[in-house]
Amino acid sequence: MNNPISLAFKNAKKNNRPALLTYTVAGDNTKKKSLEILKSISKNVDICEIGFPHNTPIADGGQIQTSAYRAIKNGIKISDVFQIAKNFKKTKNSKPVILMGYYNMIYQYGENNFLKKCKSSGVNGLIVVDLPWPENKKFAKKCKTNSISFVQLLSPTTSKERLKKIIKDSHEMIYYISMLSTTGGQLKVSPKKILSNYNQIKKIDPKKNCVIGFGITEKTIAKLKSADGLVVGSAICKEITRSLNNRQNPVTNVSKVVAKLRNKIS
Amino acid sequence: MKLKKKIPLIDQHDKLGFWGGKFGGSYIPETLKKPVDDLTKEFKKLRKNKKFLKKRDLYFKNYIGSPTRFIKLENLSKHIGGAQIWAKVVSDANGGAHKIYNATVHALICKSMGKKYIVGDTGAGYAGKMLSMAAKKFGLKCKIFMGAKDIKRQKPNCDAMRKNGAEIVPVTTGSQTLVDAVSECMRYWVSNCDTTHMCVGSTVGPNIFVKICGWSTAQISRELKKQIKEQFKKIPKKIKLINCVGGGSSAYGFWSEFIDYPKSQIELIGVEAGGPKKSKLHAAPLSRGAKLGVLHGAASYVCQNNEGQINETESISAGLDYPGVSPIHCFLKDTKRARYTYATDEDALNAYKLVTKFEKLNPSLEPSHAFAEAIKIAPKFNKDTIIIVNSCGDAKKDRDILRKRLGRKI
């Protein structure tokens, strides 16, 4: 039970609240700023998801696309992503880090190299958006061997039979996609319905930490707080965009948003 | 890596959908797993269903207008000298390009699955135009995703789409061409897959879309095989089948019946878009040594950088302006069954000039790439060699580009 991801969930549970997971794109809007954002939100966050930006993202909505393009335009490389993760992990208040992105970047880097680099940078988990089960079986196993949690995704379209198989092969954390949508869509399903699907998943294996993501904002987060964990991504990327457009400091603004999110579920 | 005989190439993949163990597959978000599985099951059922096949054949004949002509380009052959140059005039098909086969089949599948909405991507606008036609024919609501740059340069096809009642969604991200249109279309499908059917416009994307598209365009070579036998009494000893390759749907359709023949008898030549002569950018992943990568749900050779970011491409031909290519063409390349080369923008324009000067044929910029290769190699052979070019699209859509580049009205 000393896996940092499991520990993060345990801590949150002790305080009777869901774990708060944030998603930010590495290098958005600069390498320095994205590290500063991570540092400043860390105290209110339980797990940090860091996106490695890709220029052909088939499952991301407008907000995260904007962040990703911004980071790529600023010249972010995979080595920078690892550097940001590493520097963040060195800080006193750091939290477990899960990298999230598309398979082609891992493929080009080489699976083994990528995992080696994850390990040496202190990365704790991986989400690969376009590598579903069972295609991800081999890679997930490799992750496990390297003590990296591979996070399996589940969606409202996942059949019950499939749910069981995926959960059986899952590691410390699973991720339930709240609705049929790319990231950052408006929540088009009622929180009640989302939680009922979530409970189905928990019934299959109550011990697995299951987070809910997609479409979660300041407005909706409180209604879902019975989950093990909640992920907020696009709302944060949106705040960065807004701050930049208004020539404000994204670090302080994002920090405020995250503090509010945390407040709503505490 | 080996090709099997007597099994259609589209079916020569493993359990996870890979051809040759590494090309293709289904790299899709979890949300799309079920719709893709449903579609896979439906297609498996339908392609064995006699009633469905009858329906397909009926629409191919009466709606699309099969067979399209197979003609000798006498004047061009005489002018160039060497091999005989023939054309399979697939642009005769309703709508003016081969994209109508895939669009019609997808509309039939969509109907059979009880979905009322259909969405698709388009580059040159042909896939979009044909999908909008088929949607109108079968009473489906249609949305077409198209790069903003392509909307500008292929206006005639956009006009046609709108006339057919389709909504064109301009895509303004990235390079604003086909690659971004496909991404946006997939994103839309992720959000609406419960009510909406997606048609991928070429033999690219997750495994099932490669199969459906290839199954549809295969009509071209079924016709051609018959026509060759009628024309020459038997299959001649030396044939070269030349086709342009963007995603690769027309090339697969043109070749599928001939893949089992020995290479020495029937050579398959794919011509990619080399881009402007002076530019470093191109859309020729097969012939210019791109690395294997994952794009739009499939593994194939992809124009990309070392980090796995997809490169911008450049070509005068919007239909070939795509950084990836069909996994089945990667398979044909690595098994050495087909040979791939490229033609530059200038080569294609010159070929267009020559073909239209000597023949009553008006090939679009895509097949003009194939004609460029035919013109280049014909003099190396004698008249026993039969070169057949798939003239898979009509140049009406290119009128603005041709006017600008050649100063001529078409």
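The axes of α4(B) and α5(B) cross at roughly 40° and come within 8 Å. That angle makes α4(B) oblique to α5(B). Angles under 35 degrees count as roughly parallel, over 145 as roughly antiparallel, 65 to 115 as roughly perpendicular, and the rest as oblique. Axes are lines fitted to C-alpha atoms, for helices over the stretch in contact, with angles from 0 to 180 degrees between N-to-C directions. Helices (H or I, at least four residues) and strands (E, at least two) are DSSP runs, numbered from the N terminus.

This is a predicted model: local features need pLDDT of at least 70, side-chain atom pairs count only at pLDDT 80 or more, and totals for chains, interfaces and linings use all residues. Residues are numbered from 1 along each chain as its sequence is written, while chains are lettered from A and ligands numbered from 1 in the order in which they are written.

**The helix pair in chain B**

α4(B) passes α5(B) in a right-handed crossing. A crossing is right-handed if the near helix is turned clockwise from the far one by less than a right angle, and left-handed if anticlockwise. From α4(B), the residues that meet α5(B) include B:Ile100, B:Ala103 and B:Ala107. On the α5(B) side, B:Met130, B:Leu131 and B:Phe138 are among them. This contact has 11 nonpolar residues, one polar and three charged. Ala, Val, Leu, Ile, Met, Phe, Trp, Tyr, Cys and Pro count as nonpolar; Asp, Glu, Lys and Arg as charged; the others, Gly among them, as polar.

**Two domains in chain B**

Chain B is divided into domain 1 (30-59 + 99-210) and domain 2 (65-96 + 215-406). These bounds come from an automatic or database domain assignment. The C-alpha centres of the two domains lie 23 Å apart. Contact joins 31 residues of domain 1 of chain B to 34 residues of domain 2 of chain B. Two residues are in contact if their C-beta atoms, placed from the backbone, lie within 7 Å. On the domain 1 side, α8(B) gives the most, with five residues.

**Where the chains meet**

In the contact between the chains, chain A brings 30 residues and chain B brings 31. On the chain A side, α3 (62-73), α5 (103-109) and β6 (152-154) each supply at least two residues. α5(A) gives the most, with five.

The two sides described above divide by class as follows.

Chain A holds an open sheet of nine strands, in the order β5-β4-β3-β2-β1-β9-β8-β7-β6, with parallel pairing. Two strands pair if DSSP finds at least two bridges between them. β5 (149-150) and β6 of chain A stand at the edges with a single partner strand each, so one side of each has no neighbour in the sheet. β6(A) pairs with β7 (residues 173-177) of chain A in the parallel sense over three bridges. A:Gln152 stands opposite A:Ile174 in β7(A).

**Backbone details**

Most residues other than glycine have a negative phi, and most peptide bonds are trans. A cis bond joins A:Asp28 and A:Asn29, with omega about -5°. A:Asn29 is in the loop between β1 (19-25) and α2 (31-41) of chain A. Another cis bond joins A:Trp133 and A:Pro134, with omega about 5°. A:Pro134 is in the loop between β4 (125-128) and α7 (137-145) of chain A. In chain B, B:Lys6 has a positive phi near 65°. B:Lys6 is found in the segment before β1 (18-19) of chain B.
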